[in-house]
Amino acid sequence: MSKRKNTRVEMNRPIELHGPRGSSQGVVRDFSPGGCRIEQPEAKVHCGMRMTLRISLPDRREPIEIKPAVVTWTGKDSFGVEFLSLSQDLRARVKIVYDLLLDAQSSAESERVISLPSVSWTARDVTAPGTPPPPAAPSRSAPAPIGTTARGRADTRGSSPGYPVQ
């Protein structure tokens, strides 16, 4: 059994199959630029069988036609196919769709897509229209930097080095 060149991405798209035994329909369950898994209960296929596929990808209405594809494995309710030769244009479209699906499935992408830039929200920022904002909390001044007084002047009175004068 050959190793896959690409990670498969989940997909749930209709597919038409045209082979030596006629035409049928199935569902693409996972997809990569080099092949896909097709769910089709009681499929009448065998390893090495060549067929033409028409897949409706999520990027456009018109399906792509892949000819030839070869069955590489079979299971009870599904089988795998390898895309043998794709035109340069078709290969580019398949790769774009694959990359978008792969990005959408990665947790980093879903977090990036739904995350907003970091913003600090306060009760003042979230009020109903026409409602006056709540009173501001009393301001606390930050501690003075080391080596300065509370009023921001340099400590020149001979206190311990590195400690502000209180």
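These are my notes from a first look through this structure, which is a predicted model.

**Overall layout.** I started with the secondary structure of the protein chain and found two helices and six strands. Reading from the N terminus, I get the run β-β-β-β-β-β-α-α. I also looked up burial: 27% of the 166 residues are buried. The chain exposes about 12100 Å², and carbon and sulfur atoms supply 52% of that.

**The barrel.** Next I asked in what order the six strands close into a barrel. From one strand to the next, the twist averages 45°. I then checked E3 against E6 and counted five bridges, antiparallel in sense. One pair I noted there is Gly 35, whose bridge partner in E6 is Glu 82. Helix H1 packs on the sheet and touches E1, E2 and E5. I have its direction at about 150° to that of E1.

**The core.** Which residues touch the most other members of the largest nonpolar core? My list is Phe 31, Leu 53, Ile 55, Ile 66, Val 81 and Phe 83, out of 27 residues in that core. Elements giving two or more residues to this core are strands E1 to E6 and helix H1 (88-105). H1 gives the most, with five residues.

**One residue up close.** I picked Ile 55 and left aside its neighbours within four places in sequence. Ile 55 is in contact with Pro 14, Ile 15, Val 28, Pro 63, Ile 64, Ile 66 and Phe 83.

Terms used. Residues numbered from 1 in each chain as written. Predicted model: local features only at pLDDT ≥ 70, side-chain atom pairs only at ≥ 80, totals over all residues. Heavy atoms only, no water. Core = buried A, V, L, I, M, F, W, Y, C linked by side-chain atoms within 4.5 Å. Buried < 20%, exposed > 50% of the residue type's maximum accessible area, 1.4 Å probe, protein only. Helix = DSSP H or I, 4+ residues; strand = E, 2+ residues; numbered from the N terminus. Contact = heavy atoms within 4.5 Å. Pairing = 2+ DSSP bridges. Axes fitted to C-alpha atoms, helices over the stretch in contact; angles between N-to-C directions. Areas by Shrake-Rupley, 256 points an atom, 1.4 Å probe, with all protein chains shown as cover.
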